[in-house]
Every structure is written in C-alpha cells, then in structure tokens.
Amino acid sequence: MRRTARSARPRVPLRLRLRRTRGRLLRRLIIAFLLLIVTLCTAAVVAYRLTGIPDPHPETVTQSTVFVDDKGSYLGRRGPVDRQEVPLSQVPRYVQDAVIAAENRTFRTDDGVSPRALARAVLASLTGGERQGGSTITQQYVKNALLSPEQSLSRKAREALIAIKLDRTRSKDEILAGYLNTVYFGRGSAGIEAAARNYFGVDTRELTVSQGAALAAIVNIPSYYEKAGSDPKVTATLRARWEWVLDAMTASGSITAKQRAGAAFPAFRFYPPGATEGQRQYMIDVAAQEAADRLGITEDQLARGGYTVRTTFDLALQDATTEAVKDLKDTGNGKGGADGKGITLHAAVVAIVPGDGAVRLLYGGSDYARQPFNDAVGGAVEAGTALDPFAKFPLGAPLTALPKTPAPTPLKLASAYATVAANGMYAAPYTVTRITRDGRQVYTAHPDTRRALEEKDAAMVNAWMSKLYGDALPAVPTAQRAPQTVFTAGAGGGITRRTVWSARLDPRLALTFALFADRPGKKNTTAPAQLPNDPPPAQSATETTAQIWRLATTGTG
Amino acid sequence: MPDPHDDFTAYAHAHLPRLVTTAHLLSGATGDPREATELVRRTLVGVCARWRRIPRDDVDFYVRRSLVKEFLRGARRQRSLPDGVLKDTSARQRAVLVMLHREGLREAEVAQLLGWSAGAVGSRARRGLAVCGGDAGRLRELFAEAAQAVEAAQVGAGAVPFGVPLDAVEQRGRALRRRRRTVVAAVCALLLVPAGVLAAERIVGGGTADGSVAGVVDVARSPIRIVAPGERVAAVPGVQVWLTSDGKHWSTPQRPNQFLGLTDDSYASASKVGAESEKPAASVQPDRLNSSYFLSGLYWGLSADPARVEVTVDENKMTGTVLTLAGSPGWGVWYTRASLSLAELKSSYGDGGPTVTVYDAAGKVVARGGADW
C-alpha cells in the first residue's frame, strides 16, 4: 500500500529536474574543463621540452656571391638565391625600428609569441578589417628560416613553441638579424641586403629613413608591393602604408617629428631592371674562376658562399668600351655587308695596370647570351707582326714561350705589352682585388711581379714600338701626361688583313685591342676570316683604341 | 511591494514541526529531540539568506536539500551514534534512508537532492537497510514512532515553537545575505575596475594613434626611378637612356651612343648657366625620331631628388619622368614619354624653345633651363 502511494507520486518534470541538478552539472563541467586545461598545459610543457630548435634549412643558409667593380658598383651575382647576409651592426637603427614598427611593435619586449597580436588578427579577420598578421617577428623568422613552408595547424603550434624557445635562448638582436637576413622582400630578394640593392641600388648601411620605412612596409605583401614605382595603384597603397610605418616610428620615438616631416617617399629602381649590355657575365666568369681559385674552393661553393668579390674592373670604362666597339662593328658590318659571307667581327680589349697586373678592362665579346666564350681570355688570335717587338730580346718566365706562339690570347699579349710599359717588370694579370664574407676579409690580392725583360731591353722595345707607329696618329690632348706608346700591328697586310692588334702604353695603363673576324665553318664550327676592308681595319682599330684610351685616362668620351 | 520574507516566516512556521522531525531522524532518532532544533535553525538561516532565489514551485525540495547538506556537513565531525536501531549506519546512509522511507521520495529525487548518481543512492539505501535489519516496513514504523515522540516532546514548549526563534533566524539570515552580497560586489569591483580602466586607456590611446592623416596631396608628381650605372631604360620605343656617374647616355635609331657629360667642357661653356655647374640648372636635348621629337635632358646641382620636372613647349606643359643614380646625387636625367611633332617644336622656337622647370617637394622652383642651340 505504501509502495503504491510512492509510485503514485508524479514524476518530476524535466524542467524541475534540470533546475535541481544544475549545480551538479555545473560542477562536473568545471571539473572537466579544469582537467582539460591541466592536460593541455602538461601537453604544452612536454611538447616544449621535446621541441628542439631545428637548424636553418638549406635555402636560407645559401647566399649568393656578389661581384663589384673597383669602385664598389654592383657588377652582378652568382648563386641560386639573391641573398647576402649583413651583420646587424650594418643595418641602421632606424631601419630595424621601421621593420619592428611595421611587423611586430612589441618585439623588443614580448616572449616570442604575442597572444594579443594573435587575438587582434583573429578579430580583424572576423570583422573584415585590415589584413593583419598575428605572428611576431620571431615566429616569422621561425617560419621562414627554420621550418618548411607547409601550412597546417600542427606546424603553427610547432612554430609557436620554437619561437618561445628561440626567444628564451637567443638575444633579440640575433633573432632580428636572422629575420632581416632571411625575410622575403619581393623582387627576388631574400634579406635586407638584396632588397636594398634591388629596390634602391644601395647597400644596407646607406639606406635612408624613408627607404627603410618603405622596405618595412613592403614585407607585409612583397609579391604585391614589388611593383612599387611602376604601378600607380600599388605605389599609392605602399605610400599609405609607408606613412603608417613612419607615424608608428614617430609615436615610438624612433625618429623625431622633424625627421618625419622631412621624409619624402623614396624613388624605386625599375623592376625587372633595365638591361645592361651583355659584358658583365664575361667579367663575372673570369672573376668567379679566379676567386674560386684563390680561395681553393669550387665555383659552385663560391656561388653559394655569400662572398663579396671586389674586382679590378672599371665598370664605366667597360660600358663605354662596349659602346665604342659596337660603333666600330656597326660601321664594319654595315659597309662590309655586301661581300660579307656571314663574316662576324670580333674584338677583344684588355687594359692592364703595368707593374701591378690589375685588369681594368676586359672586353671579350658583345653578347654573353650568344657567345659565352671570352675572346680576350680564351681566344687565340693570330699575332703576326704584333710579336715583332719581342723578337730580338730574350724574354724571361713566364713569357719565354710567347714569341714562338703564333696565336696568343689577347690577355697574354696584353700582359707582355704591360711588361714593356713597366720597364720589363712582368705582373701576373689579376681581376680580384679582395674577397670579403660577413664583413671579414678572406682574401687580398698582392701583385705578383717578376722581371721578364731587362730594363734597357724594355726601353728599347718601347722605343721601337713608338718609332714604328707612334707618328701614325696625332697626339691626343693629354700631352702633359707621361709619353705614351702607340703601336699597331697584325697578321696579313693590305687588303688581306686577318687580324689587327693595336696597343697604347704608358706607365699607368697598357691597353691592347685585338680585332679579328670569323665565318661559319663546317659542323657548327667557325673558321678565321679576313677582315672587311672598308673602312680600313687597321685605321678603325687604332681609332677605337685611341677613343678607349681617352675614356680610360680622362674618364670622359 | 510585499516583503519577500513574509512568506518565509509563514513557510518556516508551517513546516517547522516536520523539519525538526526530519532533523531528529537524521541525527539517529536518539537522545533529546531538541538537539535537532540547532540543525534546523542553521538550515533556516541559510534558507532565509537565499530565500529570494529559491524557486517558489519547488520550495520543499530546496529546504530539504539545505537540511540534509547542513546535516552531512555537521556529521563529518560527530562520528558514531550512541545507540538505537540506526546505530551502525553512516550519516549518508541515514540521509538516504530518511529521505526514502520517511519523506517518501523516490531514489531519483534523492539523487537530485544529494547531487549523487541514482546508483549511488540505491546502493547506499540497500546497505543502510541491511545494517539496520533489512526490513523497510520495520524501519518505516520506527521512523513514525520517533516522529510521534518528537511531536509529543514539543507540545507546549512555550512561545517559541520547538525552541527555534524564527525572528532571530530571519535576522541572522538577512545579515548573512548582506555579507554575501558585499563580498560578491567587492570581488566584481576588483575584477571589473582594472579591466575598465585598461579598456578606456586603449580606446583613448587608439584615438590619438588614428588621428594622423597623410597630409600632402601631390599634384602630378614626376615619376622618379633609381637606375644602376649602365642600366638601359627604354624611354620610348627605339630610345634607350642610361646613366653613368659621368652623365647622360642615350641612343636613338638615328644617332646611337650619344653622351652628355656633367663636367664636359664644351657643354658647360655652351650652356646658359656658364661653367659653374654646381648652380642648380637644367637642360633640354630634343632628338629627332622618325617623324617626331623626343625630349630629354639633364638637371644638376640640386640638394635632393626633385619632386616634379615640367617641360613647357609653347603653352603645352608636360610632366617629365626622372632617372637618377642611387644615393640622391643631386643630378639626373629627365625625359617625356609623349613625343612632339616637328610643327610643335618649330613653333616653340619662336619663344625660345622648350623649357624645363624643376620643382622640389615643397613645390618651389629649384632649377630652370632650356634647349641649348
């Protein structure tokens, strides 16, 4: 009876039941949540302990080797990526600050990750605001340099862990240096040094406040901003962002209000850059081979090693020579075209500093793309009477064999002429002045000289060369200079000229010009050909030599 | 508005006997029933303190829960009972037994009341029953007897029913509620005030950061590009312009490889500014293309890069494109993309030929010049 009474009691409605058990449910949820957090924390700590800082992956260790001319102008580079490392001390403080202002303002104080920045980025992407990255500079560095570029959540977590670990084990300056040297700036340039060159044509340490802020602005979307300067819309967008970076720098005290007011939006280089004539690859080829030789490494190692090779070349003179030779060939080919059965004119020009051996000028062909063979270094050009001055005098090593060589290379003969100009002192031609890496010098050239001709013999050779051809041309206006020797010779004569050698010497420079021709031979080969006769090749070669001499000695044309 | 505690007094008054009985049974149904009133008093103070939040359609449940919890809290201190049938039961088993066999709740309801699972309630009920004889009917009778004994003991206990002074209970209940409320308010204040201050700072700070606006509106700025020495620029089809540190080079189909040096003697004497090339000046060189003219020239002696180069041919003003070397050398080459017809050029020579004006970033004229022939 009691039991029936109990079962008659109505079942508690769900709403009531839920309200009654609310506390219990809540408690359980809280416990579950706490457990979850503890588990996650434990997992994070374990993961942090287990995560090692990986080595930078190969692409970000590779650096290209840059070649510059004797005044430091950029000649070109060798290597798979356009990247060169600079120590942080060479990056102006305002450039560092600009990058920090643009990418991660709390960089100097945060712990490698910034939960606030992350939250802001998420909020911005949810509300459709301006695109923002939640990654700190440390995280970006980890992403770019240490991890593979795959995109996944686990990689993101790993990246954050490594970033924290990196931040705790390395100084902020080390991280910033690593970042600046690996981050992609667009225009194919990884790292600030390549970017400074590709955007502004300067070294990192020469960057201005404006240029630094512009580079910092570019890092956000490099593939878009790399068109800066040519696309008005991109330029305007970049300009707005540039102003924003400068404002942030002013607000944080990196630059003064006066610097801010005086900052003008910088001018950019062309992208892709305008063509340079095809000479530079010849120069780089020669210099790269020599540099690798001097360092005792392969050319491939050189290309990946991040060296800066300062060459002996004078880029302005080289360019001017190229134009002069082009003029000469244009007239030669234009007139001789009637009888020219596919005859190609070749010229090789070498200028050496006597007594030192530095090669100022090395013209080996008009277009590297069509003729990668360097005529000046590797071409055998029939000497003919060009060797006559040495016929009566004994030459010492290493020129002993020269008089018996029917077709020496222009470089070889030029070094012999330079020996005459240096009163018989032979200097081995060299093209690399010094090699630096990471701001340290790893090689410096020392002239390698030895006596190859007795001093009085040299004077006689010189006199003989002058007497023979010195009166052929009027004296150039630079009469105050040391007297120069002008000499023209070659193989063949009259209308059957095969080669012309023209030289001008004085104690400061020995210039040698070789003009020859070839025509297509059997089976993809070429055979030597006669030079076209109109205009007379000896005369035009001498004139061109005189013109280059003027360029080389006065600096103007 | 009626005092919300009115119905508390009424409720407490009405349910007091039952509560005291239950409390007595929970305490083991032995000894003086008046000891149970202390438990009821503590329970009622707590109930009074949170009376407003107790759902009115389920008051009994919450009051019962308070009672049992209060009992279990106190039971932790006093372990064993002196004597009686319930002597060997634990406090929890007793709570379950009383709820099931005296209050007439189902196991599920007891589980809700105690915040346990139904299984835990069932097992405790079975074990408790086994300890005190294993007979539920006997237990119920025992409970009924004990209840009657309690009621009998309380009849005529005086003005204060069952020895529980309800006024005092209510007073203490309110005091408890006030204290709790104060604590909650203080904690909230401690959490919210710093957060609010931070948020306010952020908003104010953000306001000033967003306040700056890009100031200068630039009207027809000259495109200015940096070139490397010897870098060929295709200015217009067929025309190449390049710079070396010495000056301007250019090639047209008619005249390849032209050069104009910065320090060229012949040039300096011919130019209108004379030999003093440090003084800011500019020049114009017209070049014949097939049927039109290409205008280009030099400027030099500036302290910074120009903002605008303007070429005037008659009344026609054109903006020139500027090429300069890296590092703001203060000189450069300008050219126009638009070509000029022979007629236009000829007519302009009536008033001295084409002229070029160089402006700086502030819009000031820094250099001027014309064609030198």
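A compact globule of 557 residues would have a radius of gyration near 24 Å, whereas chain A reaches 35 Å; the radius is taken over C-alpha atoms, and the globule rule is 2.2 Å times the number of residues to the power 0.38. This is a predicted model, in which local features need pLDDT of at least 70 and side-chain atom pairs count only at pLDDT 80 or more, while totals for chains, interfaces and linings use all residues. Residues are numbered from 1 along each chain as its sequence is written, and chains are lettered from A and ligands numbered from 1 in the order in which they are written.

### Chain A as a whole

Along the principal axes, the C-alpha atoms of chain A fill a box of roughly 145 × 45 × 45 Å. Chain A holds 21 helices and 14 strands. Here helices (H or I, at least four residues) and strands (E, at least two) are DSSP runs, numbered from the N terminus. Of the 557 residues of chain A, 45% count as buried. A residue is buried if 20 or more other C-beta atoms lie within 10 Å of its own, exposed if 12 or fewer, and partly exposed in between, with C-beta atoms placed from the backbone. Among the contacts in chain A with a separation of 6 or more, 69% come from residues 24 or more positions apart. Two residues are in contact if their C-beta atoms, placed from the backbone, lie within 7 Å.

### Helices of chain A

Let us start with helix α7 (residues 137–146) of chain A: 8 of its 10 residues are buried, so α7(A) is largely enclosed by the rest of the structure. The buried residues include A:Ile137, A:Tyr141, A:Val142 and A:Leu146, and also A:Lys143. They pack against α4 (58–61), α5, α8 (153–169) and α9 of chain A.

Helix α5 (residues 93–103) of chain A has another partner in helix α13 (residues 232–251) of chain A: their axes come within 9 Å and cross at roughly 105°. α5(A) and α13(A) are therefore roughly perpendicular to each other. On the α5(A) side, A:Asp97, A:Ala98, A:Ala101 and A:Ala102 make the contact, and on the α13(A) side A:Val245, A:Ala248 and A:Met249 do. By class, this contact has 6 nonpolar, no polar and 1 charged residues. Ala, Val, Leu, Ile, Met, Phe, Trp, Tyr, Cys and Pro count as nonpolar, Asp, Glu, Lys and Arg as charged, and the others, Gly among them, as polar. The axes are lines fitted to C-alpha atoms, for helices over the stretch in contact, with angles from 0 to 180 degrees between N-to-C directions; under 35 degrees counts as roughly parallel, over 145 as roughly antiparallel, 65 to 115 as roughly perpendicular and the rest as oblique.

### Where the chains touch

Across the interface, 39 residues of chain A are in contact with 34 residues of chain B. On the chain A side, elements that give two or more residues include α3 (22–50), α13 and β3 (268–269). α17(A) gives the most, with 5 residues. The chain A side has 15 nonpolar, 10 polar and 14 charged residues.

A strand pairing also links the chains: β3(A) and strand β1 (residues 224–227) of chain B run parallel, joined by 2 bridges. A:Arg269 has B:Ile226 as its bridge partner in β1(B).

### Strands of chain B

In chain B, 4 strands form an open sheet in the order β2-β3-β4-β5, with antiparallel pairing. Its edge strands are β2 (233–236) and β5 (258–261) of chain B, each pairing on one side only. On average, neighbouring strands of this sheet are turned by 25° against each other, direction ignored. Two strands pair if DSSP finds at least two bridges between them.

Elsewhere in chain B, β9(B) and β10(B) form a hairpin with 2 residues between them, and B:Asp314 in the turn has a positive phi of about 55°.

| Strands | Bridges | A bridge pair |
|---|---|---|
| β2(B) and β3(B) (239–244) | 3 bridges | B:Val233 and B:Val241 |
| β9(B) (308–313) and β10(B) (316–319) | 4 bridges | B:Val313 and B:Asn316 |

### Backbone details

Most residues other than glycine have a negative phi, and most peptide bonds are trans. A:Arg187, not a glycine, has a positive phi of about 55°. A:Arg187 sits in the loop between α9 (172–182) and α10 (192–200) of chain A, and counts as buried because it has 23 C-beta neighbours inside 10 Å. In chain B, phi of B:Asn257 is also positive, near 55°. B:Asn257 counts as partly exposed, with 17 C-beta neighbours inside 10 Å. Finally, the peptide bond from A:Tyr271 to A:Pro272 is cis, with omega near -5°, and A:Pro272 lies in the loop between β3 and α15 (280–295) of chain A.
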